Amino acid sequence: MRLILWLSDFLIPLTVLYIVGFGVLMRRPVYDDFVEGAKEGAGTVFSVFPTLVGLMTGVGALRSSGVLDALTDTLGQWMSAAGLPSPLLPVAVVKLFSSGAATGLALDIFKTYGPDSQLGLAASLMLSSTETVFYTMSIYFLSVNVKKTRYTLPGALLATAAGIAASIFLAGRL
Amino acid sequence: MLNNIWAFMILTGIVWAAFHGNIAAVTQGLLDAAADAVSICITMLGVVAMWTGVLKIGERSGLIDRLAGRMEPILRFLFPELPADHPARRLIAVNMIANILGLGWAATPAGLQAMKELRQLEEERNSASSPGIASREMCTFLIINISSLQLIPVNMIAYRGQYGSAEPAAIVGPAIAATAASTLAAVVFCKMMNRRSGRSGRPD
């Protein structure tokens, strides 16, 4: 536990140290290389910008209109009617679109039930083992102008469902 | 697919708001979202440029090739049709390594470049067919990517700590297991789809 927290703190600096150190050992002009790479990265961000605006506006429309709230409420009611832990499904659904919004819902669960409760653990695990499916797909596919994504969405949703099922199962066992 | 999802988000939002008297909120929501995209991009600009800069050092010094070499058996298994010394291999390897370590910001630029290489490969393979159709490699790469590869959920541990968890890092073991489950499902699915559909590029 302590080792893991220590590792979390040191992960990024150690990675940078390792890469730059290796470059110096190989007698590379490391700063020139860095600047060249940074230039490429800046270009990538600019090319992603229009996609990002589109996506965020879409999520913004759903959120500000109250659709997302209505959806999570309805899903929550269905879930509790079926006897399942109700606050979890909204987290799962929202995570498909927005990591930030899903984290907000998970923090609500932490506040209400505590991070070490079964719901809190399940929410922690769900967010740790899933990705923002629609966000990732739009950024990656639109950046290369691919419109027909074939079986990517079903595959991504299946992987997400497996992650969620495993999270709920494991949280019950902790 | 994405066109329909996006249209659905925008249209449902606006129509719903009109019926629930939230239309002013939507006006604000749309404008705020666009402004948020700008501030995210500005943050991204710094972080991504930093990582692509550092990664370039790793690339030029040969370090990335070494690491990518270690990923080679996995790549051969997942992308059997990807030519042996194709530049996409290294980019996919970098994307996966960065994702496993939880360095999402370093993963994205390599991932986007990998997609570019994969599209070029697909164009060379069948120049006659219409562009804009995902190749098998693209599908596999994205499904594996979305299945989440991160081993240590650093952010979640921090949040749990902030909200008074007695043991914030208790989720690390189970999180690795859950991530393994989702990635396993992704790999099995991709393998099945690859077997079913013939050569890449053809409609399913």
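Predicted model: local features only at pLDDT ≥ 70, side-chain atom pairs only at ≥ 80, totals over all residues.

Colleague: Okay. How many helices and strands does chain A have?

Modeller: Chain A has eight helices and zero strands. Helices here are DSSP runs of H or I with at least four residues, strands are runs of E with at least two, and both are numbered from the N terminus. The radius of gyration of chain A is 20 Å, well over the 16 Å that the globule rule gives for 174 residues, so chain A is more spread out than a compact globule. That radius is taken over C-alpha atoms, and the rule is 2.2 Å times the number of residues to the power 0.38.

Colleague: What does the C-alpha trace of chain A span along its principal axes?

Modeller: About 65 × 45 × 30 Å for chain A. For chain B the spans are about 60 × 50 × 35 Å.

Colleague: And what is the secondary structure of chain B?

Modeller: Chain B comes to eight helices and zero strands, and its pattern along the sequence reads α-α-α-α-α-α-α-α.

Colleague: What share of each chain is buried?

Modeller: In chain A, 54% of the 174 residues are buried, and in chain B it's 48% of 204. Buried means under 20% relative accessible area, exposed means over 50%, and partly exposed is in between, with a 1.4 Å probe and protein chains only.

Colleague: Switching to charges: how many positive and negative side chains are there in chain A?

Modeller: Chain A has 11 positive and 10 negative ones, with the centres of the two sets 7 Å apart. Chain B has 17 positive and 14 negative charges, and their mean positions are 6 Å apart. Lys and Arg count as positive, Asp and Glu as negative, while His and the chain ends are not counted. Each charge is placed at NZ of Lys, CZ of Arg, CG of Asp or CD of Glu.

Colleague: Now the interface. How many residues of chain A are in contact with chain B?

Modeller: 93 residues of chain A are in contact with 99 residues of chain B, where contact means heavy atoms within 4.5 Å. About 8300 Å² is buried between the chains, and carbon and sulfur atoms give 77% of that. Buried area is the accessible area (1.4 Å probe) that two parts lose on being put together, summed over both.

Colleague: Which residues in chain A lose the most area to chain B?

Modeller: Y140(A), R150(A) and Y151(A), which together make up 11% of what that side buries.

Colleague: Tell me about R150(A). Where is it, and is it buried or exposed?

Modeller: R150(A) is in the loop between α7 and α8 of chain A, and at 17% relative accessibility R150(A) counts as buried. Its phi is near 50°, a positive value in a residue other than glycine.

Colleague: Where else is phi positive in a residue other than glycine?

Modeller: R27(A) is one of them, with phi near 55°. R27(A) lies in the loop between α1 (2–25) and α2 (30–65) of chain A, but R27(A) counts as exposed, at 77% relative accessibility.

Colleague: Why is helix α4 of chain A described as largely enclosed?

Modeller: Seven of the eight residues of α4 (residues 88–95) are buried, so the rest of the structure largely encloses that helix. The buried ones include L88(A), P90(A) and K95(A). Among the helices covering them are α3 (67–81), α5 (99–113) and α8 (152–171) of chain A.

Colleague: Last one: what does S148(B) touch?

Modeller: Leaving out residues up to four places away in sequence, S148(B) touches S128(A), S129(A), T130(A), E131(A), T179(B), S182(B) and T183(B). S148(B) sits in the loop between α6 (136–146) and α7 (154–162) of chain B, and S148(B) is buried at 2% relative accessible area.

Technical notes:
Residues numbered from 1 in each chain as written. Chains lettered and ligands numbered in written order. Heavy atoms only, no water.
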